Amino acid sequence: MPGSEHAGGTAKPVLSLDPAMVREARELAAVAGRPIVEMARTHTTVSVERAVLRLGGLGGADPDDGMPWVNHLVDAVAESCGLQHGVALPAWDALVTGGYPSLAALASDAATGKVKFRLPEGGDAAAARLAATAALSDGFARIDARRAEREAMIKATADPPKPWIYLIVATGDIYEDIPQAQAAAREGADIIAVIRSTGQSLLDYVPEGATREGFAGTYATRENFRLMRAALDDVSRELGRYVRLTNYASGLCMPEIAALAGLERLDMMLNDCMYGIIFRDINPRRTFIDQRFSRQIHARAGIIINTGEDNYLTTADAVDAAHTVMVSQLLNEYFGREASLAEWQLGLGHAFEINPAVPDSFLLELAHAQLVRQLFPGAPLKYMPPTKYMTGNVFAGYLLDAFFNLCGALTDQSILLIGMMTEGIHTPFLSDRDLALENVRYVLRAAGRLGENFRPPPGGFVEKRAQQVLAESVDLLRRITAEGLLNAIADGTFGVTRRPADGGRGLDGVIERADGYFNPASDFLEGREQFLEAGRS
Amino acid sequence: MSATEQGGTVIRPYGDTTGDGRIQVSFTLPLPSGTEEERALAEGAAAQLAAKMGLEPAMVVHAKAMGPDFTFFIVYGTVRHLVDLADVKVARREFPLMSAAEVNRRIRSALGRELVVVGATVGVDAHTVGIDAILNVKGHAGEKGLESYAEIRVVNLGAQVAVADLVDRAGAAHADAVLVSQVVTQRDAHIKAAREISEAFTAARGAARPLLVVGGPRFDPAMAPELGVDRVFGRGTTPREVASYLVHTLTPEPQGNAA
């Protein structure tokens with residue numbers, strides 16, 4: 001597999017942290033996470049199965065109802081013989097024995113109830129396995145080629161130095177997003193994130209084609225991914241600098257969107273282990289199962305994930321809840337590494353959200369940001385700007401954003417999401433974005449090397465605060481491991497929201513795997529494909 | 001001394017001298033300013049716009065090219081407009097602002113049970129920021145949310161609740177009030193959602209429907225009758241204002257020591 005080492009910060013320790021406590025924090029995160037991983041290994045979801053079909057080459061949608069073919073086919077198999085053995089065996093068995101020219105033709109017949117699916121046995125099962133494996137092999141070859149293409153593009157242009165400047169576009173219309181994204185790149189953005197339409201997290205299908213209508217964002221579709229990546233390739237060549245593209249592998253279709261991102265060479269994906277549970281009321285089990293599969297795909301595709309800890313601080317207090325951010329980061333790290341993500345792919349999130357009226361608020365922010373930097377030295381940390389205390393006073397907001405930029409520069413954050421002084425008022429004007437970039441450019445030019453000269457005194461306020469947050473994190477992790485992560489989430493440990501394990505959306509799409517469950521994508525992702533290709537399992 | 005203190009009702013903006021009418025605006029024009037000639041044209045265009053906005057004389061103090069096609073301006077100038085305070089219409093708060101302790105006391109004495117509030121964002125809106133700011137214990141702007149009130153029971157349904165579900169869940173919880181926040185405003189989604197809610201509750205419950213309150217940064221509080229809801233809260237609303245409104249509307253005025 002082609003390698004891609006974009007080393008994160010080479011942070012030298014600035015604050016004295018107890019290595020035994022750091023070790024314990026990681027061990028506790030693993031203890032809390034292990035039962036969840038076990039659940040993910042023994043279950044599948046409708047979206048995981050649809051992702052298998054997408055990786056096997058099935059795209060497009062039913063012209064009658066606009067529903068993607070993968071949904072029709074998975075629903076038909078579920079109805080005919082269930083999904084406990086996976087969609088692949090029944091689907092490819094029907095394809096082979098029914099003499100269909102393509103999965104789309106099969107899905108079309110399946111949608112109208114013309115196909116009776118079965119769980120093949122013996123020679124039929126072997127034939128279905130072989131056909132499925134061959135199809136998935138093409139899918140993974142494409143993902144691998146996309147990854148190699150990224151490496152080549154970076155070589156041909158240049159990898160921008162960190163921190164990478166991250167800007168959002170969100171018009172709802174992909175054809176408006178494209179010139180805005182290109183303009184933002186020309187003005188200095190290293191990463192373009194296309195915010196999704198706000199309804200998309202809870203859609204149990206991925207829309208098709210280029211879209212021009214969205215609510216506070218643009219639908220994530222394969223065609224929109226392709227169009228935007230092509231436009232950014234053009235501007236990368238023009239600027240001699242590789243401009244990365246970000247979208248969201250979250251919500252009910254997380255695995256499928258991860259697959260589409262890999263197939264269309266997106267570079268970073270928002271992909272948090274608990275965000276959908278806490279903020280979108282998606283069922284916890286569904287989220288964790290989908291999340292593991294999506295992260296395995298990101299690992300294979302060389303995609304950097306961005307986690308969503310910043311969100312906790314928009315509902316909880318940024319001082320009181322600082323340790324919940326750290327706990328979530330440790331969990332995201334555990335789940336991410338378990339799913340084969342490398343350290344350079346772990347864009348753990350955090351945010352500058354302390355009430356500016358609190359005395360020493362900037363020192364507290366510095367302590368939190370430096371603590372995260374030291375705990376995850378090789379991770380491309382994503383630092384989020386103030387939103388909660390952006391009051392509509394654009395002048396004060398501009399100042400707060402400058403302090404955010406300064407804290408980011410000082411603590412060697414890897415990805416800076418650029419704050420808008422008009423946060424919470426409207427989607428940014430062209431001039432808002434331009435002023436925001438002027439702000440960050442000034443701070444990096446004036447103080448970009450301040451970190452080298454920054455040594456908070458041992459035993460001082462900043463160091464003590466960091467030690468306190470670390471200690472509180474360990475305490476909370478102990479509590480979580482004692483009661484179990486799902487129970488902790490149900491109790492409202494994260495983001496002050498209670499989410500019971502059997503509540504929320506999407507639980508009906510969770511299926512326990514039966515003996516003989518077959519998922520050719522997982523076999524590729526977990527390194528078992530050589531057995532498949534030899535016709536064994 | 002300002003015009004109002006002089007007994008008049010006409011005022012103008014204050015820069016550094018009474019009545020000078022000085023203000024600042026910033027805007028972008030789709031004009032290049034790469035060359036000296038282009039820049040002169042762009043600044044002239046900005047000055048013309050300022051004059052048409054009633055800013056005269058105006059000074060373009062800052063002009064900056066943003067890419068090849070746009071220029072950003074900051075303009076200071078003098079407006080000739082007068083503001084007549086007699087013509088200003090204000091939606092006055094029709095209820096007294098109460099402390100959390102007063103709210104709890106009032107509910108205890110007047111209702112003798114918990115006040116039940118069901119909150120949600122509906123339809124396509126996935127932003128729970130608004131409803132959480134009002135309902136969550138953590139609250140907003142230094143005020144704790146309604147969950148922290150001992151006598152208020154909060155059922156927060158979260159984001160993207162279907163209107164029909166909201167009606168059912170509010171019924172099941174015996175809600176006294178339903179709070180809906182809407183942030184998304186594209187194509188007037190917030191207006192449509194508010195109307196849909198009032199129609200659904202009225203269809204299902206008629207006059208027995210719970211108090212309907214909508215809120216969000218782009219709502220105008222004067223719109224309540226038009227939307228068919230009881231109250232609209234706009235930008236900057238705090239949990240205490242909502243709590244005060246709820247008890248003012250849902251609990252009868254205390255009558256001496258009758259309780």
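1. How many Å separate the centres of domain 1 of chain B and domain 2 of chain B, taken over C-alpha atoms? In this predicted model, the separation of the two centres is 41 Å. Domain 1 of chain B covers residues 10-86, and domain 2 covers residues 100-250.

2. In chain B, strand β6 (residues 115-120) runs parallel to β7(B), and 5 bridges join the two.

3. In chain A, the axes of helix α1 (residues 19-42) and helix α11 (residues 284-301) come within 9 Å and cross at roughly 80 degrees. The two helices, α1(A) and α11(A), are therefore roughly perpendicular. Their contact comprises 6 nonpolar, 2 charged and no polar residues. From α1(A), Ile36(A), Val37(A), Met39(A) and Ala40(A) take part, and they meet Arg285(A), Phe288(A), Ile289(A) and Arg292(A) of α11(A).

4. Helix α4 (residues 88-97) of chain A is largely enclosed by the rest of the structure, because 8 of its 10 residues are buried. The buried residues are Ala88(A), Leu89(A), Pro90(A), Ala91(A), Trp92(A), Asp93(A), Ala94(A) and Leu95(A). Their cover includes α2 (46-55), α3 (69-81), α5 (103-111), α6 (122-156) and α19 (520-525) of chain A.

5. Following α4(A) is Gly99(A), which has a positive phi, near 65 degrees.

Technical notes: Residues numbered from 1 in each chain as written. Chains lettered and ligands numbered in written order. Predicted model: local features only at pLDDT ≥ 70, side-chain atom pairs only at ≥ 80, totals over all residues. Domains from an automatic or database assignment. Pairing = 2+ DSSP bridges. Helix = DSSP H or I, 4+ residues; strand = E, 2+ residues; numbered from the N terminus. Axes fitted to C-alpha atoms, helices over the stretch in contact; angles between N-to-C directions. Parallel < 35°, antiparallel > 145°, perpendicular 65-115°, else oblique. Contact = placed C-beta atoms within 7 Å. Nonpolar A, V, L, I, M, F, W, Y, C, P; charged D, E, K, R; others polar. Buried ≥ 20, exposed ≤ 12 C-beta atoms within 10 Å, placed from the backbone.
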